[in-house]
Amino acid sequence: MNVLTAEWTAGLYLLAAVCFILALKGLSSPRTARRGNLIGAVGAVIAVGTVFLSVHLGNLPWIIATILVGSAIAAPVSRRVTMTQMPQLVALFNGVGGGAAAIVAILELAHAESPWSGLAIAFTILIGAVSFAGSAVTFAKLQELISTRPLIFAGQRWVMVVVLAGALASGGFVVATGSLLPAMILLGLGLLSGLLLVLPVGGADVPIVISLLNAFTGLAVAASGLVLGNVLLLVAGTLVGASGTILTRAMAAAMGRSVSGIIFGAFKGGSTAGSTTISERPVRSVSAEDVAILLGYAQRVIVVPGYGLAVAQAQHTMAELATVLEAKGIEVVFGIHPVAGRMPGHMNVLLAEANVAYEVLREMDEVNPQFKTADVVLVVGANDVVNPAARTSPGSPIYGMPILNVSEARQVVFLKRSMRPGFAGIENELLYESQTTLLFGDAKESLTRILSAVKSL
């Protein structure tokens, strides 16, 4: 129904675009992230409402029914998903966005009025399909439905070249003829390209690929804005594409690697690879009471959280332990690595959920000089981000990645389930150093025992 005039439609689209920009600004800091998320949601409501009030929509009952079904699925899933599964959820949402853009482009193929429209349609189909298939693989890897190790086969790079050449040729036919058959071939080759692009990526590189695919989806949405003549889609897609690109570069820099090295490294054996190999080398293990004594008589403690803290849902116990130590006059800060967990900000959000004050969270550059003065560093569920191999082993898959200087502390205590390597699949030599001790077990149970022992000191 055309309730809104063109002027009102343009004004509301502009308001929605401003909301999206303010949302991205808010999401740049943990302090303002919740507000930014709400502003973005308001912008999305304005955008969708404007479409319903400004455009004549055929099959309106089907559209409303589809929205209701999608909401009925998404709402409970979003409420029940745990923090450890958030990267998988992001991957799924991202893939759905890319797939939707590709489908819309195919449906608009019959309405292409110029070669430029055909070019935008072909681009949207290809990039949307790559994003959909690639995001599905990243979800499967993070959910461990398939191996986290790079999956490669002989001649894979040449297969990739042939598939991409075929995609370009199909795209050319789409632009030249505007027919459905080359568009469907392009869709299939795009899906295959997404699989071939992400399957060789392994281990700790997967979250970075999620961010890259998010940028791809943004580009596909922006192109679909050109296809549909919708300025808001163009603006929103450009914002997503730009922010995804910036985030991808920031994450790659945090790992000391190039984006091309992450994507194509597995073809030459350089991509990080998950592992299940458990070391049998001897280490020094301690009890919870021993750790409590170390903490209770320290003056400065640095906590390094990682994915294991999230898996065990131990953030509340960790926060309570920090509060008890601070009440005893012990300074406690948290050292946060940019890629700790499975996505940027993972640890910040996890600790904020447990009401850990933002002021005690220290980013890598700020906390690294402080390890030399730390009496105890408590590493809870982190491994690769403190592994000295990033500096000392040129052949290591994480070589060159900036790490937290945990090895400079007087005492280091690791809370680990087992001697299984981290997500990068390599041993951590810090575990065998003289200043390092290990407390084995579930992080939440171990922290609970440590907390009880500290209270009794």
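Modeller: In helix α6, the residues Gln156, Val159, Met160, Val163, Leu164, Gly166, Ala167, Ser170, Gly171, Phe173, Val174 and Thr177 meet α7 through Pro182, Ala183, Ile185, Leu186, Leu189, Leu192, Ser193, Leu196 and Leu197. Contact means heavy atoms within 4.5 Å. By class, this contact has 15 nonpolar, six polar and no charged residues. Ala, Val, Leu, Ile, Met, Phe, Trp, Tyr, Cys and Pro count as nonpolar, Asp, Glu, Lys and Arg as charged, and the others, Gly among them, as polar.

The model is predicted: local features need pLDDT of at least 70 and side-chain atom pairs pLDDT 80 or more, while totals for chains, interfaces and linings use all residues. Residues are numbered from 1 along each chain as its sequence is written, and side-chain values use heavy atoms, with hydrogens and water left out.

Helix α6 covers residues 156-177 and helix α7 residues 180-198; their axes come within 9 Å and cross at roughly 155°. Helices are DSSP runs (H or I, at least four residues), as are strands (E, at least two), numbered from the N terminus. Axes are lines fitted to C-alpha atoms, for helices over the stretch in contact, with angles from 0 to 180 degrees between N-to-C directions. The two helices are therefore roughly antiparallel, a term for angles over 145 degrees, while under 35 is roughly parallel, 65 to 115 roughly perpendicular and the rest oblique.

A second pair is α1 (residues 6-26) and α9 (residues 231-254), whose axes come within 9 Å and cross at roughly 10°. That makes α1 roughly parallel to α9. Tyr13, Ala16, Ala17, Phe20, Ile21 and Leu24 in α1 meet Leu232, Val235, Ala236, Leu239 and Ser243 in α9. This contact has ten nonpolar, one polar and no charged residues.

Elsewhere, the largest nonpolar core has 41 residues, with Leu321, Phe334, Leu378 and Ile450 having the most contacts inside it. Such a core is a set of buried Ala, Val, Leu, Ile, Met, Phe, Trp, Tyr and Cys residues joined through side-chain atoms within 4.5 Å. Buried means under 20% relative accessible area, exposed over 50%, and partly exposed in between (1.4 Å probe, protein chains only). A second, separate core of 33 residues includes Leu196, Val198, Val206 and Val227. Leu196 is also one of the α7 residues that meet α6.
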